[in-house]
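Q: Before us is a structure to be read feature by feature. May we begin with the pairing of strands and then turn to the ligand and the backbone?

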Amino acid sequence: MTLSDLNRLLASRYSCRAFRPDPVPKDQIKQILNSAARVPSWCNAQPWHVTITSGAETDRFRTAIQAEAATGTPCPDIPFPTSYSGVYQDRRRTCGWALYEAVGVERGDRTASARQMMQNFSLFGAPHCAIVTSPVELGTYGALDCGGFITAFSLTAQALGIATIPQAALATYSPFLRRYFDIPEDRLILCAISFGYADTDHPANGFRTDRADLSEIVNWVG
Ligand SMILES: Cc1cc2nc3c(=O)[nH]c(=O)nc-3n(C[C@H](O)[C@H](O)[C@H](O)COP(=O)(O)O)c2cc1C
């Protein structure tokens, strides 16, 4: 494998916000999990655990989480960011506006942007959803290790032509997810990954995000 192969894979992945309903074969889901699990973790603890829905169970979950999002109280296991300021606010706005522009939401139209946000709870139409959890006792470092797993999951899936989107939005309703999937109290619910085959014609998949220049993210010492 060359760096250009890897860069092509990294550049081709994007967060998919419209899926076709076709299921992913289980042996391919297993391939993704086996490859994603090759990432490093502190002490090789491999803290990730995933609950994966398929078929009618994804649809049952979709209906249930949509109902929860309509009436439930937000209560993520890991507190969501309290604010985004400076460049973080700029980058957040830029990617939000790119999405809204792609799907035809006018700036300032809060009803339409809320409607687009609620698409999170339809899992963007994905045929599968993975709920990612980490042991409470491993704290932030467990979550850090799981971040690597989530990224590798997305890249491996992409290599197989399978689209993904990590979704912290679902963790808004962690107590509901815990009850629904019988997730033990000693595990933190980090986020979900919805996945399947991209609806490439859908406008929500018609934009790409950019990345900051190296000068913004590195201090060279020496
Ligand atoms: C941990 C994590 C949580 C995310 N949660 C959401 C989410 O709830 N809803 C959403 O639409 N995108 C979510 N995203 C996708 C990001 O918005 C996306 O990765 C970012 O804008 C960069 O775009 P790209 O993935 O297309 O390169 C999440 C990404 C990560 C890594």
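A: Let us begin with a term: two strands pair if DSSP finds at least two bridges between them. The model in view is a predicted one. In it, Gly196 of strand 5 is the bridge partner of Ala163.

Q: Which strands pair with strand 5 in the antiparallel sense, and over how many bridges?

A: Strand 1, residues 19-20, pairs with strand 5 over 2 bridges in the antiparallel sense.

Q: Which residues stand opposite Tyr197 and Ala192 in strand 5?

A: Tyr197 has Arg20 opposite, while Ala192 has Ile131 opposite.

Q: How many residues surround the ligand, and which are the closest?

A: The ligand is surrounded by 14 residues, of which Arg13, Ser15, Asn120, Ala169 and Arg211 are the closest. By type, this shell comprises 7 nonpolar, 4 polar and 3 charged residues. Strand 4, residues 163-167, gives the most to the shell, with 3 residues.

Q: What distances separate ligand atoms from N or O atoms of Arg13, Arg17 and Pro166?

A: A polar contact is a pair of N or O atoms within 3.5 Å. A side-chain N or O atom of Arg13 is 2.8 Å from an oxygen atom of the ligand, and for Arg17 the corresponding distance to a ligand oxygen atom is 2.9 Å. In Pro166, a backbone N or O atom lies 3.2 Å from a nitrogen atom of the ligand. The ligand taken alone exposes 620 Å², and the protein buries 67% of that.

Q: What is the phi of Leu123, and in which loop is Leu123 found?

A: Leu123, which is not a glycine, has a positive phi of about 60°. Leu123 is found in the loop between helix 5 (110-118) and strand 3 (128-135).

Q: Are Gln46 and Leu123 buried or partly exposed?

A: Gln46 counts as partly exposed because its relative accessibility is 37%. Leu123 is buried, with a relative accessible area of 0%.

Definitions and conventions: Residues numbered from 1 in each chain as written. Predicted model: local features only at pLDDT ≥ 70, side-chain atom pairs only at ≥ 80, totals over all residues. Heavy atoms only, no water. Near = heavy atom within 4 Å. Polar contact = N/O pair within 3.5 Å; in protein donor to acceptor, adjacent residues only side chain to side chain. Areas by Shrake-Rupley, 256 points an atom, 1.4 Å probe, with all protein chains shown as cover. Helix = DSSP H or I, 4+ residues; strand = E, 2+ residues; numbered from the N terminus. Nonpolar A, V, L, I, M, F, W, Y, C, P; charged D, E, K, R; others polar. Buried < 20%, exposed > 50% of the residue type's maximum accessible area, 1.4 Å probe, protein only.
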